[in-house]
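Colleague: I would like to learn how to read a sheet from its strands. Can we take one model and go step by step?

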Amino acid sequence: MGRLPFRKPMVVVSPKKLLRYKGATSNIKHFAENSRWQPLLKDNHDKLAAPDKIRKVILCTGQVYYDLDAKRLADGINDVAILRVESICPFPFKEIIRILKNYSNAEVCWA
């Protein structure tokens with residue numbers, strides 16, 4: 001686009017499903033000067049079991065998290081943690097390894 005003699009707007013064609021979810025919104029404090037982008041969001045579910053009792057950790061991106069979380073709540077599952085990978089490139093290997101150390105008994109999978 002930089003080589004064209006005119007400017008074209010960038011159009012992102014993706015589902016707007018997350019615009020309806022209250023949980024997908026950010027608090028105003030997340031936009032403060034001392035806040036920063038987080039490439040990985042750990043599971044902060046209030047009914048989640050202790051880290052040593054977690055049997056499975058699921059890594060996912062985007063709206064998949066909200067579908068998995070809804071299913072987890074509907075079925076009353078509290079021994080599955082869901083980690084949201086917010087940055088695919090560069091991939092947050094160090095952050096994932098640091099958080100996965102807390103879940104020593106868990107199977108790890110990607111959804």
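Colleague: Which residue in S3 stands opposite isoleucine 58?

Modeller: Isoleucine 82. Keep in mind that this is a predicted model. From here the chain path can be followed: S2 leads through H1 to S3, a right-handed β-α-β crossover.

Colleague: How many bridges join strand S2 to strand S3, and do they run parallel or antiparallel?

Modeller: The general idea comes first. Strands of a sheet pair through backbone hydrogen bonds, in either a parallel or an antiparallel sense. Here, S2 (residues 56–60) and S3 (residues 80–85) run parallel, joined by 5 bridges.

Colleague: In what sense do S1 and S3 pair?

Modeller: Antiparallel, over 2 bridges. In this pairing leucine 40 stands opposite valine 85 of S3.

Colleague: What is the order of the strands in the open sheet?

Modeller: S1-S3-S2-S4, 4 strands with mixed pairing. Strand S1 (40–41) and strand S4 (107–110) are the edges, each pairing on one side only.

Colleague: Where does helix H1 lie?

Modeller: Helix H1, residues 64–75, lies across S2 and S3. Its direction makes an angle of about 165° with S3.

Colleague: Why is S3 described as largely enclosed by the rest of the structure?

Modeller: Count residues with under 20% relative accessible area, the cut-off for buried. In S3, 6 of the 6 residues are buried, so the strand is largely enclosed by the rest of the structure.

Colleague: Which residues of S3 point one way, and which the other?

Modeller: Val80, Ile82 and Arg84 point one way. Ala81, Leu83 and Val85 point the other way. Both sets are buried, Arg84 included.

Key
Residues numbered from 1 in each chain as written. Predicted model: local features only at pLDDT ≥ 70, side-chain atom pairs only at ≥ 80, totals over all residues. Heavy atoms only, no water. Pairing = 2+ DSSP bridges. Contact = heavy atoms within 4.5 Å. Axes fitted to C-alpha atoms, helices over the stretch in contact; angles between N-to-C directions. Buried < 20%, exposed > 50% of the residue type's maximum accessible area, 1.4 Å probe, protein only. Right-handed = clockwise from strand over helix to strand, strands pointing away.
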